[in-house]
Amino acid sequence: MKTTQLLIPTQKEAPNDAQVISHQLMIRAGLISKLASGLYTYLPMGLRVLQKVEAIIREEMNKAGAQELLMPVAQPAELWQQSGRWDQYGPELLRFNDRHNREFCLGPTHEEVITNLAAQYLRSYKQLPMNFYQIQTKFRDEIRPRFGVMRSREFIMKDAYSFHLDQDSLQQTYELMHQTYCNIFDRLGLDYRPVLADSGSIGGDSSHEFHVLADSGEDAICFSDESDYAANIEKVAFSKQDSACQAQADETQVLTKKKTSIEDVAEFLAIEQSQCIKTLIIKTENGFKALALRGDHELNEIKAHNLFGEFELATDDEIKSLDLKKGFIGVKGLSIDLIVDYSASVLCDFVCGANEWDYHLTGANWQGVEFNEADLRNAVEGDTSPDGKGKLVIKRGIEVGHIFQLGTKYSEAMKANVIGEGGKAVTTTMGCYGIGVTRVIAAAIEQNYDDRGIVFPQNIAPFQLVIVPINYNKSTRVKVLADDLYQQCSKAGIEVLLDDRKERAGIMFADSELLGIPHRMVLSDTHADNGNVEYKARNNADKIEVKFDDALSFIQRKIN
Ligand code: ATP
Ligand code: MG
């Protein structure tokens, strides 16, 4: 294709709302254009990249025996009522009424629609297993759309759903999908890790996320420095420890006026935050609970949710109504249930609130305190890996994929049964497998850029080669050679862009570098005098002179 025939609105400056490099570069390179918060148009160059990502995903899914279909974006409320999610799903679900006042939503995901389909068409165990997928637009009314297409409201997902007679069959497909995802992310040229993820109520190792490692990632991923252990920080589970506590200090009430945060208290008393206990008050469906954690640890909300169900931090008024003093809450003499994190319950001679205004206790110990123990906290760097091998290192990741063993949650609610071998109805067992197709593009850029712009992995670049002729519109010789090379490359099936604009060389170079096209050939009168063209790779500063007659075979070798 020729540059003058394409809309490639490159720009020098990034918009103010673009905080991360991929968002800045996608706008600057003219890949996307913002319509409204979390809504983007894919411009011709962006669409080429998107279609390449889709093609790789499609090929690998087909190879794995999954079959493609396409479901509607709009979904009737009845299906969501059957699964119970119409009431559960919060404001991320965009709901609307049609002209007959019937309720609908825009699909944020498609479990309901596919399970409804399975209930209609899957009749016998002989048809199983089956794995369906689509590459389709999703809508989620994200509370904070940000980072461009990384967290947008409308985005494209590859979602797959498999149906099985039993758990063994699901396990097999799950492993096949795990491998398929590795093949996909390998071909996309990404540095990624599959990590254990939270699987909510289902438990076990039945969920993995695929993360692209990048500092801008919204998730924290924990890796062992000695083993293969890798898990989302949400999922890292700790077990009860043996206490080696030998209390030595005497409990003393000390005046800590106005020191209400762990940081302030630790600094004031000149002790480590890890020697302090902080007490959080939460409101659950079964009343208020006090949670005690080590001062340097954070509550893991997913663990708390799994233990207590829906919960919120108590408000100041609620804390007051329990006769507790915010900033000075401790673990002694509480009138509500106390649950202590495993690593807080082994502390000795610690500091905690005195349950009196302006006072903390030092040299406190657990003797005489009634409590239950639980795993409540997030992992921190340096924790012992849960598999017992090595210490945890924490890195940032962008979640690009998620595979999940659903079990019978949807098939039971929506009656997706088949006739089993013995003639009895069997509820199918399900798996689901998602890839954020548009997020993959942003993630690829987060890992592949330099000060000139995007450095696309070869397989997803909008073009493989750009030909930059200098004085194309003035020198007939250059024009003839450039057109000739362009024709040769096009015929050979190379995706080539000919920059036929009347622009200065510097501008043409800058644009193709911003766009991240992996290979560049420059033609000029000077090069032509020697019968040469000049070659440069996007990821290498060296320029190489190549004989014009060898140019095609040279570039073919570079591309393959
Ligand atoms: P997140 O924790 O990032 O919100 P999620 O758990 O809601 O993700 P899933 O429901 O598992 O995501 O969706 C499958 C995939 O879709 C995710 O792995 C991610 O790559 C992608 N995805 C989810 N939400 C968005 C979004 N708002 N914008 C772009 N891609 C998204
Ligand atoms: Mg989400």
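1. Which polar backbone atom is 3.4 Å from a nitrogen atom of ligand 1? It belongs to Met150.

2. This is a predicted model, in which local features require pLDDT of at least 70, side-chain atom pairs count only at pLDDT 80 or more, and totals for chains, interfaces and linings use all residues. Residues are numbered from 1 along each chain as its sequence is written, chains are lettered from A and ligands numbered from 1 in the order in which they are written, and side-chain values use heavy atoms, with hydrogens and water left out.

3. Ligand 1 has 14 residues around it, of which Arg140, Glu142, Arg151, Ser152 and Glu399 come nearest; a residue counts as near if one of its heavy atoms lies within 4 Å of the molecule. An oxygen atom of the ligand is 2.7 Å from a side-chain N or O atom of Arg151, and a nitrogen atom of the ligand is 2.8 Å from a polar backbone atom of Ser152. A polar contact here is a pair of N or O atoms within 3.5 Å; within protein, one must be able to donate a hydrogen and the other to accept it, and residues adjacent in sequence count only if both atoms are side-chain atoms.

4. The peptide bond from Leu128 to Pro129 is cis, with omega near -5 degrees, and Pro129 lies in the loop between helix H5 (111-121) and strand E7 (130-139). Asp349, a residue other than glycine, has a positive phi near 50 degrees and is found in the loop between strand E17 (337-341) and strand E18 (350-356). Helices (H or I, at least four residues) and strands (E, at least two) are DSSP runs numbered from the N terminus.

5. Helix H2 (residues 44-63) packs with helix H6 (residues 167-187) at an angle of about 150 degrees, the axes being 10 Å apart. H2 is therefore roughly antiparallel to H6; angles under 35 degrees count as roughly parallel, over 145 as roughly antiparallel, 65 to 115 as roughly perpendicular and the rest as oblique. Axes are lines fitted to C-alpha atoms, for helices over the stretch in contact, and angles run from 0 to 180 degrees between N-to-C directions. Ile56, Ile57, Glu59, Glu60 and Met61 of H2 make the contact (heavy atoms within 4.5 Å) with Met177, Thr180, Asn183, Ile184 and Arg187 of H6. By class, this contact of H2 with H6 has 5 nonpolar, 2 polar and 3 charged residues; Ala, Val, Leu, Ile, Met, Phe, Trp, Tyr, Cys and Pro count as nonpolar, Asp, Glu, Lys and Arg as charged, and the others, Gly among them, as polar.

6. The axes of H2 and helix H11 (residues 437-447) come within 10 Å and cross at roughly 115 degrees, which makes H2 roughly perpendicular to H11. Val49, Leu50, Val53, Glu54 and Ile57 of H2 meet Val437, Thr438, Val440 and Ile441 of H11. The class count for H2 with H11 is 7 nonpolar, 1 polar and 1 charged.

7. Helix H12 (residues 476-491) and helix H15 (residues 551-559) have axes that come within 10 Å and cross at roughly 45 degrees, so H12 is oblique to H15. In H12, Leu485, Gln488 and Cys489 meet Ala551, Leu552 and Ile555 of H15. The contact of H12 with H15 comprises 5 nonpolar, 1 polar and no charged residues.
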